[in-house]
Amino acid sequence: MKKYSWLLGLLVVLVIGGVIFKHLNTQTTTSDSSKSTSSKATSATSQSDLPAARASDWNLLVVNRDHPHDELNPTLTTVAGVQVDQRIANATTDFLAAAQKVDSAEHLISGYRSVAYQTQLYDRYVDQEMAGAAGTVNAGGGSITRAQAEKNVQTYSQPPKMSEHQTGLAIDMSTVDSLNESPKAVVKQIAALAPKYGFILRFPADGKKSTGVGYEDWHYRYVGVANAEYITKHNLTLEEYVAMLDK
Ligand SMILES: [Zn+2]
């Protein structure tokens with residue numbers, strides 16, 4: 001027996017060594033796999049769950065100050081008193097109904113606006129800013145130049161040809177008729193359910209860098225369900241999303 005004690009000793013060393021090695025190996029594998037999971041998550045943002053969409057798709061048309069557009073003349077349908085592109089009539093009806101279940105005061109304020117109408121609206125706002133009218137940025141203020149008045153207006157309304165309301169794919173929907181005055185908790189819930197109906201909250205608070213427009217709690221844009229879900233999940237703006245797609 002004594003003859004084989006060295007063998008037993010070797011066996012013990014091997015077994016213990018094996019356990020330690022296995023433990024270390026498991027730890028390495030774990031940290032490796034967590035590393036690869038996080039790199040997968042990063043690439044997922046740009047690749048694996050990206051919808052099969054193209055920047056030239058009708059529902060991804062970008063109209064903003066960098067992308068002005070002549071009158072589009074969309075085919076229109078009236079939903080709850082506002083006009084929208086007929087292709088989004090059902091989605092708008094369903095989205096409004098879902099929003100009203102969250103807060104019965106939810107209603108549509110605006111939908112399609114022609115370039116001609118946007119011109120009238122914009123000019124009226126500029127005049128009101130120059131006059132320092134109540135409710136304007138320059139309310140009760142002194143005289144300002146037209147350029148300054150336009151700058152003020154552009155914090156809440158876009159110049160003609162630069163408002164996406166002309167696409168017929170945008171709606172303003174809120175519990176109240178004034179911008180950014182709906183209860184925050186309600187807005188949060190509506191924005192969260194919007195993608196299910198193909199809409200996104202178009203101008204989020206942290207999106208100004210890419211959209212050029214400050215936070216708007218009432219402006220929703222139809223982009224289709226898959227696009228809306230991706231954009232919302234990855235906290236993108238329409239501009240950022242379209243830049244990721246092929247034309
Ligand atoms: Zn709007």
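1. The largest cavity is lined by Glu106, Met173, Ser174, Ser182, Val187, Ile190, Asp217 and Tyr220, in what is a predicted model. A cavity here is a set of points, on a 1 Å grid over the protein atoms alone, where a 1.4 Å probe fits but cannot get out, and a lining residue has an atom within 4 Å of a point. Its volume is about 50 Å³, a volume being the space filled by probe spheres set on the points, which are joined across faces, edges and corners. Strand β4 (170-174) and helix α5 each supply at least two residues of this lining; helices (H or I, at least four residues) and strands (E, at least two) are DSSP runs, numbered from the N terminus. By class, the lining has 4 nonpolar, 2 polar and 2 charged residues, where Ala, Val, Leu, Ile, Met, Phe, Trp, Tyr, Cys and Pro count as nonpolar, Asp, Glu, Lys and Arg as charged, and the others, Gly among them, as polar.

2. The zinc ion is coordinated by His165 through NE2, Asp172 through OD and His219 through ND1, at 2.0 to 2.1 Å. Donors are N, O and S atoms within 2.8 Å of the metal (3.2 Å for Na, K and Ca), and as water is not among the atoms, sites may look incomplete. Asp172 lies in strand β4 and His219 in strand β6 (residues 219-222), so this pair ties together parts that are 47 residues apart in sequence.

3. The largest pocket holds about 600 Å³ of space, a pocket being an open set of points with protein on both sides within 12 Å along at least five of seven lines. Of the 31 residues that line this pocket, Arg113, Tyr125, Tyr156, Ser157 and Trp218 are the closest to its centre. Helix α3 (115-131) is one of the elements that give two or more residues to the lining, and α3 gives the most, with 4 residues.

4. On the basis of these points, residues are numbered from 1 along each chain as its sequence is written, and side-chain values use heavy atoms, with hydrogens and water left out. Local features need pLDDT of at least 70 and side-chain atom pairs count only at pLDDT 80 or more, whereas totals for chains, interfaces and linings use all residues.
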